[in-house]
Amino acid sequence: MNATLAVFRGQVRDGWRGLLGWSLGIAAVTGLYLPLYPSLQSPALTQLLSSLPKELVRTIGYDQIASGSGYTQATFFGLIGYVLLTIASTSWGTAAIAGAEEHGRLELTLAHGIGRVHYTVASAAALLTKLLLLGCVACALILLLNGPAELELEPAHVIAALAAWIGLGFVSGAAALAAGAGFGRRIWAIGAGAGVAVLGYALNAVGETSTKTEWMWRFSPYHWAFGAQPLSTGADWGGLGALWGLALALVFGAALALTRRDLRGY
């Protein structure tokens, strides 16, 4: 147990610079986009959106942009904030196993009294902790700007959207953990983390284009997170369950893969 906690503390401590950088990025995005909301509520914007194809407007999430919740979802949770979180989570998940193995640290750590399952669990817990800290930063900034930006967001709905947002990041990070545990290479881990995010977004986007393609939503973690518009309506427990269940399944797969594979020497 002491060794597991040591790995957890070490990964959280070693990632503080990255955590600070990503927090500043989130602060920059929220500070840039959210205060613009009042100035964008004009007939000119409505006319512009009306001139665009409805499928395109729905795909990029601008069909609800006239409301504060729809604007926040379209600009932060569903786009720039999603990209930032995916990159951060994938990089942390990649470094935890694949990166440690390529740099020769993983074998040394495992030789000092910690099992592979415990190492994977500690890595996943450290990853989730950093994501939760980013979520706290985003929550504080959004609520701080809620009044001045006239967004009229419900705090409970903000927390629901953040739970979905963090869950999406955890899915990408857990996919990077699983691929790193299975193959021991950073390129595979990065590809898995980014691939899950891109595929989920693409399936949601294609599902928005026609009623004939809405079946794709069933396979999109992005839609599980935001399809029910939690920032407007509150928590979607079914979507959250599927999202966090997939993340935990990927962590379990990472632990199983790492226990069954010989480590490579680089």
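**View 1. Residues lining the largest cavity of the predicted model**. In this predicted model, the lining of the largest cavity is made up of Tyr82, Leu168, Val171, Ser172, Val196, Ala197, Gly200, Pro221 and Tyr222. By residue class, this lining comprises 7 nonpolar and 2 polar residues, with no charged residue among them. The space inside the largest cavity amounts to about 40 Å³, and a search of the whole structure returns 1 cavity of 30 Å³ or more.

**View 2. Helices that contribute to the cavity lining**. At least two lining residues of the largest cavity come from each of the helices α9 (155-183), α10 (186-209) and α11 (221-226).

**View 3. Packing of helix α6 against helix α8**. Helix α6, which spans residues 68-102, packs with helix α8, residues 116-146, at an angle of about 155°, and the two axes lie 11 Å apart. Since angles over 145 degrees count as roughly antiparallel, α6 and α8 are therefore roughly antiparallel to each other. Their crossing is right-handed.

**View 4. Residues in the contact between α6 and α8**. From α6, the contact draws on Phe76, Phe77, Leu85, Ala88, Ser89, Trp92, Gly93, Ala96, Ile97 and Ala100, while α8 provides Tyr119, Thr120, Ser123, Leu127, Lys130, Leu131, Leu134, Ala138 and Ile142. Sorted by class, the residues of this contact of α6 with α8 are 14 nonpolar, 4 polar and 1 charged.

Methods. Residues numbered from 1 in each chain as written. Predicted model: local features only at pLDDT ≥ 70, side-chain atom pairs only at ≥ 80, totals over all residues. Heavy atoms only, no water. 1 Å grid on protein atoms, 1.4 Å probe; cavity = no way out; pocket = protein on both sides within 12 Å on 5 of 7 lines; lining within 4 Å. Points joined across faces, edges and corners; volume = space filled by probe spheres on them. Helix = DSSP H or I, 4+ residues; strand = E, 2+ residues; numbered from the N terminus. Nonpolar A, V, L, I, M, F, W, Y, C, P; charged D, E, K, R; others polar. Axes fitted to C-alpha atoms, helices over the stretch in contact; angles between N-to-C directions. Parallel < 35°, antiparallel > 145°, perpendicular 65-115°, else oblique. Left-handed = near helix turned anticlockwise from the far one by under 90°. Contact = heavy atoms within 4.5 Å.
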